[in-house]
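Thank you all for coming.

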Amino acid sequence: HLPTILPGVLAPLVLPRLGSSVRRVLSPEGKSAFGRSVRGDRDSAPATRFDSVAEVARENVRLTLELQELKAKYARLAADSADQAIQAERFQHLALHDALTQLPNRVLLMDRLAGALAQAQRAGTEVLVIFLDLDHFKAINDTMGHAAGDRVLSEVALRITGCLRRTDTASRTGGDEFVLVCPTSDAAGDIADIRSRLTRAIA
């Protein structure tokens, strides 16, 4: 079975060919391909039934092959479209996320923060914005190399994410700096809890 979009693609291509095939089966003089003249011309020699059936069979085979070719072309177009959609989604992800940690970058952070502030204003709640950086991180890069530093940042990002709720956002804004956005109805209680969880996880 073809996808529902396929008839819209095939109809403009197949119908003119079907029309020309029907015109070939019906002779220009109005004779039926299966017998005597439709107009009743007694002098006209009738086409044999064998030739008529053979012609229709040939047309059917030809159109079947054309339809198969169109199906193959449609499948290639659908695959190309799917690849383009995947690429577009990938580019959008890269534009909004940090390439190393896959956390939201500064652009997405600001969008999430604006949304959280708007929601808090409507609900009469608050938003915690937590700035976090790693002490002595430069020493890791200097003594063990940037590849080791990258592994540390990736691991820290995973541990930060594991400490947060689904409604919270953790982002990497650059270097060893992270920013957390946490909607809350109890800022004083939540900040102590989050700081404690982050300290234990990262240590």
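This is a predicted model: local features need pLDDT of at least 70, side-chain atom pairs count only at pLDDT 80 or more; totals for chains, interfaces and linings use all residues.

**The sheet and what packs on it**

Let me start with the three strands, which form an open sheet in the order S1-S3-S2 with antiparallel pairing; strands here are DSSP E runs of at least two residues, helices are H or I runs of at least four, both numbered from the N terminus, and two strands pair if DSSP finds at least two bridges between them. Strand S1 (126-133) and strand S2 (169-174) stand at the edges, and because each has a single partner strand, one side of each is left without a neighbour in the sheet. Neighbouring strands are turned by 20° against each other on average, direction ignored, where axes are lines fitted to C-alpha atoms, for helices over the stretch in contact, and angles run from 0 to 180 degrees between N-to-C directions.

Residues are numbered from 1 along each chain as its sequence is written, and side-chain values use heavy atoms, with hydrogens and water left out.

Turning to the pairing itself, S2 and strand S3 (residues 177-184) are joined in the antiparallel sense over five bridges, and Thr169 has Val181 in S3 as its bridge partner. The two strands form a hairpin with two residues between them, and Gly175 in that turn has a positive phi of about 55°. Five of the six residues of S2 are buried, so this strand is largely enclosed by the rest of the structure; buried means under 20% relative accessible area, exposed over 50%, and partly exposed in between, with a 1.4 Å probe and protein chains only.

Which strands does helix H5 touch? Helix H5 (residues 146-163) packs on the sheet and touches S1, S2 and S3, its direction making about 5° with that of S3, and contact here means heavy atoms within 4.5 Å. Helix H6 (residues 187-202), for its part, lies across S1 and S3 and runs at about 25° to S1.

**Helix H3**

Helix H3 (residues 106-123) has 18 residues, which at 1.5 Å a residue should span 26 Å, and its end C-alpha atoms are 25 Å apart, in agreement; the expected span is 1.5 Å times one less than the number of residues. Leu108, Leu109, Leu113, Ala116 and Ala120 are buried in H3. Seen down the helix axis, the buried residues of H3 fall within an arc of 135°, so they line one face, the arc being that of the directions from the axis to the C-beta atoms. On the other side of H3, Val107, Asp111, Gln121 and Arg122 are exposed. Just after the helix, Gly124 takes a positive phi of about 70°.

**Two loop residues**

Most residues other than glycine have a negative phi. Gln102, in the loop between helix H2 (49-96) and H3, has a positive phi of about 65° although it is not a glycine, and at 40% relative accessibility Gln102 counts as partly exposed. His136, in the loop between S1 and helix H4 (137-144), also has a positive phi, near 60°, and His136 is exposed, with a relative accessible area of 69%.

**The chain as a whole**

To step back, the protein chain holds six helices and three strands, running α-α-α-β-α-α-β-β-α from the N terminus on. Buried residues make up 28% of its 203 residues.
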